[in-house]
Amino acid sequence: MTTATLSPATLSKAAFFEAQAVKAGARRNRLLSLPALIIIGIFGVLPLLIICVYSFLVAAPYGGVQWQFSTDAYLNFLFQRDIFDDTLQFTPDFLIIYLRSFLFAVVTTVICLLLGFPTAYFMATRPPAQRNWWVLLITIPFWSNLLVRTLAIMFIIRDEGLINNALLALGVIDKPITMLYTNFAIQLGLLYAFLPFMVLPLYSSLEKLDFRLIEAAYDLYATRRQVLWRVIIPLSKPGIIAGCLLVFIPALGAYVTPLILGGGVHLMIGDLIAQQFGSGRNWPLGCAQALILMAAVLVALFFYVRNTSGKVQHG
Amino acid sequence: MAEPRAIDIKDQPGFRSIAIICLLVLYVPVLILMIFSLNSGSLVTHWEGVTLGWYGSALLNEEFHNAARNTLIISVSATIISTICATLAAIGMTRVKPWRGLAAAFMVINLPLMVPEIITAVATLSFFALIAGTFGLNFGIGNLILAHTVFCIPFAYMPIRARLEDMDLTLEYAAADLYATPWNAFKRITLPLLVPGIMSGAALAFIVSFDDFTITQLVAGPGQTTLPLYIWNQIRRPMTPEINAISTILLLVSILFVSVSFLIARRRAK
C-alpha cells in the first residue's frame with residue numbers, strides 16, 4: 001500500500017493536482033485587481049471618453065453642452081468665425097499659448113537637467129548614510145504642496161519681496177524690479193516646482209552605476225571630462241529620459257504655477273483649458289484643448305517607450 | 001606617481017557646489033515663508049518681531065475649521081478606499097500566473113499618473129456634470145472622494161507592489177506545505193509582511209489627496225472648500241501672515257507623512 005502511494009505515477013498525479021489548485025487560486029487572485037480597475041475605469045477612464053464626446057458638441061450658454069454634433073471646437077482652436085460674413089479667419093491666439101507652453105516646458109526640462117544631473121551624481125557618490133539624508137531632503141519638496149511652494153516663490157519675487165528689498169537696501173536699484181506676473185516668474189516657478197522630479201529618477205539610475213567602469217576609463221587615460229561624457233552620461237541615459245519625461249509632461253500641462261505667478265495675464269495651456277470651464281463657458285472648446293494637450297503628451301510618451309525598448313534590444 | 005591616482009575617481013569638478021545650490025534653491029523660499037508665519041507685524045513682507053498669534057487666529061477661524069474638516073474627510077476616505085483597492089490589486093497582479101490583460105491592467109492603474117492633472121480635472125468635472133444632469137446623481141463631497149481615490153490608487157499601489165515583489169516566497173510556500181488554507185497563509189504570513197508596504201502606500205496616498213489643488217478646485221461644489229482651496233481664496237485678498245501660518249501647517253503635515261513613508265521604506269531596505 002505504502003509503496004503504491006509513493007510510486008512516481010502517484011507523485012506526479014499529486015503534483016498535477018497541486019499545480020491545478022495553485023492555478024485555480026491564482027485565477028481567483030486576479031479578480032482581486034477588479035475593485036481598483038473598476039474605480040479607475042469608471043471615474044478615471046470613462047471621464048476621458050466623455051470629454052472626447054463633448055469636444056464634438058455645442059456649448060450651452062451657461063456652461064455644459066448641448067447634444068448637437070459640431071466640429072466647431074476644433075475649428076475654433078485655429079480659426080475664428082467672422083460675425084458678419086461667416087468666413088473662417090486664422091487666429092493663432094491658442095496656438096501661440098501652446099507654443100509658449102511648449103517652450104516653457106522645454107526650457108524647464110533643460111535647466112532642471114543641467115542642475116539635476118550634477119546634484120543626482122553628487123548624491124549617488126556619497127557614503128550610504130549621507131545618501132539617505134540627501135534623498136530625504138530631495139523627497140520632501142517632491143511631495144510638498146505645490147500651491148504652497150509656488151506661494152513661497154511669489155513672496156520672494158514680489159515688488160515688496162525679499163529680492164527687491166535686499167537690492168533696494170544695497171542701493172543696487174532705486175525702484176523695485178517687476179518680476180511677479182511676468183514670463184520670468186512663470187519660468188522660475190516651473191523650475192522650482194519640477195527640479196525634484198528630475199533629481200530623483202536620475203539618482204535612482206546613477207545609484208546603480210558600476211564605478212569599476214569609471215576606474216577602467218581612467219586606467220585607459222580618459223580625462224575627467226571624457227569619463228563624464230563618454231561613460232557616466234551614456235550609462236545613465238534611462239534615468240535622463242525618465243527624468244526629462246517626469247519634468248516635461250507636468251510642466252507642459254502646468255496649471256497652478258502660471259495661475260499664481262502669471263497673474264492670469266501670461267497663460268499656459270492648463271489655465272487656458274480651465275478658463276473654458278469657468279468664465280469662458282465653452283466646455284467643448286476646453287475639451288478639444290485638453291485632448292490636443294493629451295495628444296502632445298502621448299507623443300512624448302511614445303518617444304519614451306521607443307527609446308527605452310530600443311535600449312532593451314541592444315542589451 | 002604624481003599622476004591623478006591620488007584623487008577620488010568618483011569626483012567631478014563643480015558638482016558639489018551645484019548640489020548645494022539646488023538644496024538652497026529648494027529650501028530657502030519655503031523657509032522664508034515659514035519664518036514669516038511668526039512675524040508679529042501684519043504685513044507678509046516686513047519683519048517686526050516674533051509671535052505665534054497668526055497660528056492662533058488661523059486655528060480659531062471658522063472657515064479654516066470647515067476647510068480642515070472637509071480636507072480630512074476627503075483625504076482619510078480616499079486614503080482608506082485607495083489603499084484597500086491598491087493592496088488587492090497588487091496581490092492580484094503579482095501573486096498570479098501572468099494573465100492576458102495584465103499589462104493593460106497595469107496601464108489602467110498607472111493611467112492617473114500619465115494624464116496631466118488639468119485634463120483629469122476637466123474630465124472628472126464633465127463626468128460629474130453629466131451624471132448629475134442625466135440621472136440627477138450628486139454624491140456631494142463623495143464626488144471629491146471618488147476623484148481623489150482615482151489618483152491615490154497608483155501612489156498607494158507602487159510601494160505595496162514593490163514590497164510584494166521583494167518578499168521571500170518560500171515562507172508562503174512553507175505555509176501552504178503545512179496545510180494552511182490560502183486565506184490563512186495570507187492572513188498569517190503575507191499580510192503581516194506586507195504591512196510596511198501598505199503603510200508606506202497609505203502615507204503617500206494621504207499626502208497627494210491632502211495637497212491636491214487642481215482637481216479639487218475644478219470638481220468642488222459650493223461649500224466644499226479644502227485647505228489648499230482655502231489658501232487660494234486667501235491669496236486673492238489682502239494677505240496677512242495668517243496665510244503663512246496655514247501654509248506652514250500644510251507643509252509640516254507633508255513633511256511628517258513623507259518622512260514616515262521614507263523611514264518605513266528605509267527600514268525595509270536594511
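I take helices (H or I, at least four residues) and strands (E, at least two) as DSSP runs, numbered from the N terminus. On that basis I looked up chain B of this predicted model and found 11 helices and 0 strands.

I noted that residues are numbered from 1 along each chain as its sequence is written, while chains are lettered from A and ligands numbered from 1 in the order in which they are written. Because this is a predicted model, local features need pLDDT of at least 70 and side-chain atom pairs count only at pLDDT 80 or more, whereas totals for chains, interfaces and linings use all residues.

Next I checked the extent of chain B, whose C-alpha atoms fill a box of roughly 85 × 70 × 30 Å, taken along the principal axes.

I then turned to contacts, where two residues qualify if their C-beta atoms, placed from the backbone, lie within 7 Å. By this criterion, 79 residues of chain A are in contact with 73 residues of chain B. Helix H3 (residues 34–54) of chain A gives the most to the side of chain A that touches chain B, namely 15 residues.

I also looked up Ile153(B), and leaving out residues up to four places away in sequence, I found that Ile153(B) touches Ala36(A), Ile39(A) and Ile40(A) from chain A, together with Ser82(B), Cys85(B), Ala86(B) and Ile109(B) from chain B.

Last, within chain B I considered contacts between residues at least 6 apart in sequence, and I noted that 78% of them join residues at least 24 apart.
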